[in-house]
Amino acid sequence: MVCGGFACSKNALCALNVVYMLVSLLLIGVAAWGKGLGLVSSIHIIGGVIAVGVFLLLIAVAGLVGAVNHHQVLLFFYMIILGLVFIFQFVISCSCLAINRSKQTDVINASWWVMSNKTRDELERSFDCCGLFNLTTLYQQDYDFCTAICKNQSPTCQMCGEKFLKHSDEALKILGGVGLFFSFTEILGVWLAMRFRNQKDPRANPSAFL
């Protein structure tokens, strides 16, 4: 058997989809763990992460079944969906890496004012900070109702906006880098599926063409 033959392509595609399955299960598990321990209170964040995990799991299962059975239809849809996921993920990853501090501030500002008071209070206690940015008109009101520990320990608390910016900058770089890396594995998956789909199974009837 030479690498590049039918068996090699099949094994490589199966291995890639097993990795996707493990990643998807990890996403689902981490989201459930974070919710169970109360690390993440937003049901939207939890739901989003679980949805991504389930979607990736379904794609991986389809690719794995298609690879094992050399199923033409499954492999075709697997290529199409994985190609679309690559485009979407590549654009999002590049956006995460390209977004500047000013844009991050705008996003944080917009998100802060659509949050409920309960969510803001949870974030303030979690990050041990008060208010968002001193430039906002409602900063003093937020500060007055703040229940973070730092308010009792020092005359002034650090603004939450500063901490959010620090964490968001780190998170965006990690998210963009990891997303960019995995987007190229998706291109590899599309290429492997395309090549494997057009290869003839040596165990099949030699006169049959795929």
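Helices here are DSSP runs of H or I with at least four residues, and strands are E runs with at least two, numbered from the N terminus. The model is predicted, so local features need pLDDT of at least 70 and side-chain atom pairs count only at pLDDT 80 or more, while totals for chains, interfaces and linings use all residues. Residues are numbered from 1 along each chain as its sequence is written, and side-chain values use heavy atoms, with hydrogens and water left out.

Next, select residues 117–127, which form helix 5. Color Arg120, Asp121 and Glu124: these are the buried residues of the helix. They sit on the same side of helix 5 because they cover an arc of only 100 degrees around the axis, the arc being that of the directions from the helix axis to the C-beta atoms. Turn to the other side of helix 5, where Lys118 and Ser126 are exposed. Buried means under 20% relative accessible area, exposed over 50% and partly exposed in between, with a 1.4 Å probe and protein chains only.

Lys151 belongs to helix 7, residues 150–153, and is partly exposed at 24% relative accessible area.

Now show helix 3 (residues 72–98) and helix 8 (residues 160–197) together. Two packed helices are described by the angle between their axes and the distance between the axes. In this pair the axes come within 8 Å and cross at roughly 155 degrees. Axes are lines fitted to C-alpha atoms, for helices over the stretch in contact, and angles run from 0 to 180 degrees between N-to-C directions. Helix 3 and helix 8 are therefore roughly antiparallel, a label for angles over 145 degrees. Their crossing is left-handed, meaning that the near helix is turned anticlockwise from the far one by less than a right angle.

With the pair still on screen, select residues 75–100. The end C-alpha atoms of this span lie 39 Å apart, and the span is 92% helix and 0% strand. For residues 174–194 the end C-alpha atoms lie 30 Å apart, and the span is 100% helix. An unreviewed UniProt entry annotates both as "transmembrane region", along with 12–33 and 45–68; such annotations may be inferred rather than shown by experiment.

Last, select the cysteines Cys8 and Cys14. Cys8 is buried, with a relative accessible area of 15%, and Cys14 is also buried, at 15%. The structure holds 0 disulfides, a disulfide being a pair of cysteine sulfur atoms within 2.5 Å.

Methods:
Angles under 35 degrees count as roughly parallel, over 145 as roughly antiparallel, 65 to 115 as roughly perpendicular and the rest as oblique.
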